[in-house]
Amino acid sequence: ISMNSGIGAAKDLGIRLHVGQDETPAGVIVGERLASLGLKHVLCINQEVGNVALDQRCAGVTEGFAGGTVTILPTSSDPAEIESKIQAALTSDPTIDLVLGLSAPQVGERAVAVVEKMGVGETVKVASYDLSANFLQSIVDGKALFAVDQQPYLQGSLPVVFLAQYARYGTMPAGNVASGPSFVTAENAAQVIALSAEGIR
C-alpha cells in the first residue's frame, strides 16, 4: 500500500492500492467549488513548479473553474518572494478575486498577510491546500474561505488498518482510497484546530 503521493506510479510498482488525494481530480473539485462561489479570477500560487503534485493541483483547478480565469504564479518557497509576487499580481490585475495557495504554511498564510496588508479583503478572498494552525485560525477569523484537506491522518492510519485486515482475513479494498479533497471551512475549522492539537488532523 502506498500513501500520500505517487498514485500515478503505484500500479507500475505492483502496489495493491493507494491511500491519498489524486491531485488532478481534487483540483477539479476545488475549481468547481470556487466557481460555485461566484469567483471569476483565481491566482494559483505554485511555490515549486515541476513538482508534479503541485502542477496537477493548479491544472485541476483550471479544468474545474469553468467560465473563469486561472492565472498560475510561479514563485520560490521564500516567504518574502511569495508575498512580494502576490502583492505585485494583485496591484497589476484588479480582476483577481481569489488567491489560492498550494500549501497553507508556505503560501496560504502569506496570501492572508498580503491581502490584509493591502486592505483588499472585501474584494480578494484567500483559500489554500493543506492545513496549518495559523491558516485554520484565519478561516475561523473570516480572513480565508477554506482549506483543502487531504486528511494525512487517514493516509497514515488506513494502510495500517487495511494491512492488518489483510493479514488476518485476506480482505483488501478493491481500489484506491481517496482521502481528499475534504474542505475545512468556518463551520468546522474550530473542531479541526482542536483535533490538530491531538495529532489527528
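User: Hi! Which element gives the most to the lining of the second largest pocket?

Analyst: Hi! In this predicted model, that is α5, with three residues.

User: Nice. How much space lies in that second largest pocket?

Analyst: About 170 Å³.

User: And which residues line the second largest pocket?

Analyst: Val112, Val115, Glu116, Gly119, Gly121, Val124, Lys125, Val126, Gly142, Lys143, Ala144 and Leu145. Two elements give two or more residues to this lining: α5, spanning 104–118, and β6, spanning 125–129.

User: How does the lining of the second largest pocket divide by class?

Analyst: Into six nonpolar, three polar and three charged residues.

User: OK, on to the largest pocket. How much space is there?

Analyst: About 270 Å³ lies in the largest pocket. Its lining has 21 residues, and the closest to the centre are Ser5, Glu23, Asn51, Ala53 and Leu54.

User: Which elements give two or more residues to the lining there?

Analyst: Those are α1 (7–10) and α3 (52–64). The largest share, five residues, comes from α3.

User: Let's switch to strands. What is the order in the open sheet of three strands?

Analyst: The order is β1-β2-β8, and the pairing is parallel. At the edges sit β1 (2–4) and β8 (177–178), each pairing on one side only.

User: How many bridges join β2 to β8?

Analyst: Two, with β2 covering residues 18–20. As for who faces whom, Gly20 stands opposite Ala178 in β8.

User: Which helix packs on the sheet?

Analyst: Helix α7, residues 152–169, packs on the sheet and touches β1, β2 and β8. The direction of α7 makes about 155° with that of β2.

User: Why is the pair edge-to-face?

Analyst: Because the planes of the Phe146 and Phe183 rings are at 85°, and planes over 60 degrees apart count as edge-to-face.

User: Where do Phe146 and Phe183 lie, and what does the pair tie together?

Analyst: Phe146 is in strand β7 (residues 146–149) and Phe183 is in strand β9 (residues 182–184), so the pair ties together parts that are 37 residues apart in sequence.

User: Great, thanks!

Notes
Residues numbered from 1 in each chain as written. Predicted model: local features only at pLDDT ≥ 70, side-chain atom pairs only at ≥ 80, totals over all residues. Heavy atoms only, no water. 1 Å grid on protein atoms, 1.4 Å probe; cavity = no way out; pocket = protein on both sides within 12 Å on 5 of 7 lines; lining within 4 Å. Points joined across faces, edges and corners; volume = space filled by probe spheres on them. Helix = DSSP H or I, 4+ residues; strand = E, 2+ residues; numbered from the N terminus. Nonpolar A, V, L, I, M, F, W, Y, C, P; charged D, E, K, R; others polar. Pairing = 2+ DSSP bridges. Contact = heavy atoms within 4.5 Å. Axes fitted to C-alpha atoms, helices over the stretch in contact; angles between N-to-C directions. Phe/Tyr/Trp six-rings, centres within 6.5 Å; stacked < 30°, edge-to-face > 60°.
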